[in-house]
Amino acid sequence: MSATWYGDRPPTPPRFGIAGWCRILLKTPILAVVIFSGLLLMLVVRLFERPLCGVQRPVTPFITVVVCRMTLGILGLSVKIIGTPDTSATAVVANHSSWLDIFALNARKRVYFVSKAEVAGWPGIGWLARATGTVFIERNPKKATEQKAVFQERIAAGHRLLFFPEGTSSDGQRVLPFKSTLFAAFFEDQKDGHIGIQPVSLFYRAPQGQDHRFFGWWGDMDFGSHFLRVVALGAGGEVSLSYQPLITVQQAPTRKAMAQACETAVRQGFEGQGS
């Protein structure tokens with residue numbers, strides 16, 4: 001994974017005002033109830049799901065979908081879908097702009113995220129990520145072989161993995177170069193062309209009157225202040241998810257070719273939404 005992207009200086013945080021603080025006081029406890037109730041329900045269901053189904057999760061992913069949809073609704077962030085999620089995809093890749101990406105992508109498709117190890121320690125989101133079967137990886141080349149083995153185990157179990165090949169988040173106004181490292185697991189001992197990855201382009205539209213980078217989360221921006229900014233927002237924000245055609249290992253037979261093909265597809269979908 002790459003180092004943190006800093007880019008341009010973040011916009012000056014907007015003043016919340018009385019209306020903003022009222023939304024924070026109202027929405028925050030509701031969000032807590034929704035997220036932690038979903039987490040508790042998943043843990044209870046998993047007590048029966050694990051011994052009966054092992055690594056398979058036939059029930060708990062649906063709880064995740066409901067929780068994420070409810071969360072986006074409470075935040076007032078609408079979702080626009082372009083294209084169709086491919087149920088045959090082995091993995092999904094997308095550009096990364098914000099912690100909101102996790103909710104937007106999970107709300108539309110049953111997937112298992114691949115995330116940096118630091119996320120596991122985040123209050124709320126970290127606990128939810130662990131409960132939903134997220135694969136945590138470290139920015140350490142020495143861990144590459146071990147992490148590749150984890151990928152292969154999850155792929156063999158039929159899990160549809162989703163990761164951000166940029167390796168970091170941006171301001172939501174660009175697609176950063178894709179790294180090929182995490183694609184390696186899809187080319188180990190594969191003798192057919194049935195392995196396929198679906199690229200997805202995420203594009204955020206800020207509410208009227210706000211900086212166009214409003215939803216972007218990058219550089220040294222801390223989670224707490226960004227979270228409050230989003231919660232204080234009324235309706236008006238939107239995230240578009242543009243699902244691109246599946247790319248198979250026959251079309252892109254090496255990890256570098258696959259990374260480039262996915263980057264091109266994501267970039268084209270992203271630029272199409274911004275035009």
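## Chat about cores, cavities and rings

Biologist: How many bridges join strand β1 to β7, and do they run parallel or antiparallel?
Modeller: Six bridges join β1 (residues 77-82) to β7, and those two strands run parallel. Keep in mind that this is a predicted model.

Biologist: Okay, and which residue of β7 is opposite Leu77?
Modeller: Leu77 stands opposite Gly237 in β7.

Biologist: What about β6 and β7, parallel or antiparallel?
Modeller: β6 and β7 run antiparallel, and six bridges join them. One spot to look at is Phe203, which stands opposite Ser240 in β7.

Biologist: Is β7 mostly covered or mostly open?
Modeller: β7 is mostly covered, with six of its seven residues buried.

Biologist: Let's talk about the inside. Which residues touch the most other members in the largest nonpolar core?
Modeller: That core has 49 residues, and the ones touching the most other members are Trp99, Leu100, Phe103, Leu105, Val200, Phe215 and Leu241. Elements giving two or more residues to this core include α1 (17-53), α2 (60-75), α3 (100-106), β6 (196-205) and β7 (237-243).

Biologist: Which element gives the largest share?
Modeller: α1 does, with seven residues of this core.

Biologist: And what's in the second core?
Modeller: The second core is separate and has 28 residues, among them Ala91, Leu161, Phe186 and Ala265.

Biologist: What's the geometry of the Trp99 and Phe223 pair?
Modeller: The Trp99 and Phe223 pair is edge-to-face, with 5.3 Å centre to centre and 75° between the planes. Trp99 sits in the loop between β2 and α3 while Phe223 is in helix α6, so the pair ties together parts that are 124 residues apart in sequence.

Biologist: How exposed is Phe223?
Modeller: Phe223 counts as partly exposed, because its relative accessible area is 23% and buried means under 20%.

Biologist: Which residues form a cluster with those two, Trp99 and Phe223?
Modeller: Trp99, Phe103, Trp217, Phe223 and Phe227 form one aromatic cluster.

Biologist: How many aromatic pairs does the count come to?
Modeller: The count comes to 13 aromatic pairs. Another one to look at is Phe113 with Phe164, a tilted pair at 6.0 Å centre to centre and 45° between the planes.

Biologist: Where do Phe113 and Phe164 lie?
Modeller: Phe113 lies in strand β3, and Phe164 in the loop between β5 (161-163) and β6, so this pair ties together parts that are 51 residues apart in sequence. Phe113 is buried at 5% relative accessible area, and Phe164 is buried too, at 10%.

Biologist: Switching to holes. How many cavities of 30 Å³ or more does the structure hold?
Modeller: The structure holds two of them.

Biologist: Which residues are closest to the centre of the largest cavity?
Modeller: Ile102, Asn106, Ala129, Thr132 and Thr134 are the closest, out of 13 residues that line the largest cavity. The elements giving two or more residues to that lining are α2, α3, β3 (112-116) and α4.

Biologist: What classes of residue are in the lining of the largest cavity?
Modeller: That lining has eight nonpolar, five polar and no charged residues.

Biologist: And which classes are in the lining of the second largest cavity?
Modeller: There you get seven nonpolar, five polar and three charged residues. In all, 15 residues line the second largest cavity, and Pro61, Thr64, Asn106, Val111 and Thr132 lie nearest its centre.

Biologist: Which element gives the most to the lining of the second largest cavity?
Modeller: α2 gives the most, with four residues. α2 and β3 each supply at least two residues of that lining.

Biologist: While we're on α2, what about Ile63, buried or exposed?
Modeller: Ile63, which is found in helix α2, counts as buried at 13% relative accessibility.

Biologist: How many residues apart in sequence are Ile63 and Val45?
Modeller: Ile63 and Val45 are 18 residues apart in sequence, and 9.7 Å apart in space, C-alpha to C-alpha.

Conventions: Residues numbered from 1 in each chain as written. Predicted model: local features only at pLDDT ≥ 70, side-chain atom pairs only at ≥ 80, totals over all residues. Heavy atoms only, no water. Core = buried A, V, L, I, M, F, W, Y, C linked by side-chain atoms within 4.5 Å. Buried < 20%, exposed > 50% of the residue type's maximum accessible area, 1.4 Å probe, protein only. 1 Å grid on protein atoms, 1.4 Å probe; cavity = no way out; pocket = protein on both sides within 12 Å on 5 of 7 lines; lining within 4 Å. Points joined across faces, edges and corners; volume = space filled by probe spheres on them. Nonpolar A, V, L, I, M, F, W, Y, C, P; charged D, E, K, R; others polar. Pairing = 2+ DSSP bridges. Phe/Tyr/Trp six-rings, centres within 6.5 Å; stacked < 30°, edge-to-face > 60°.
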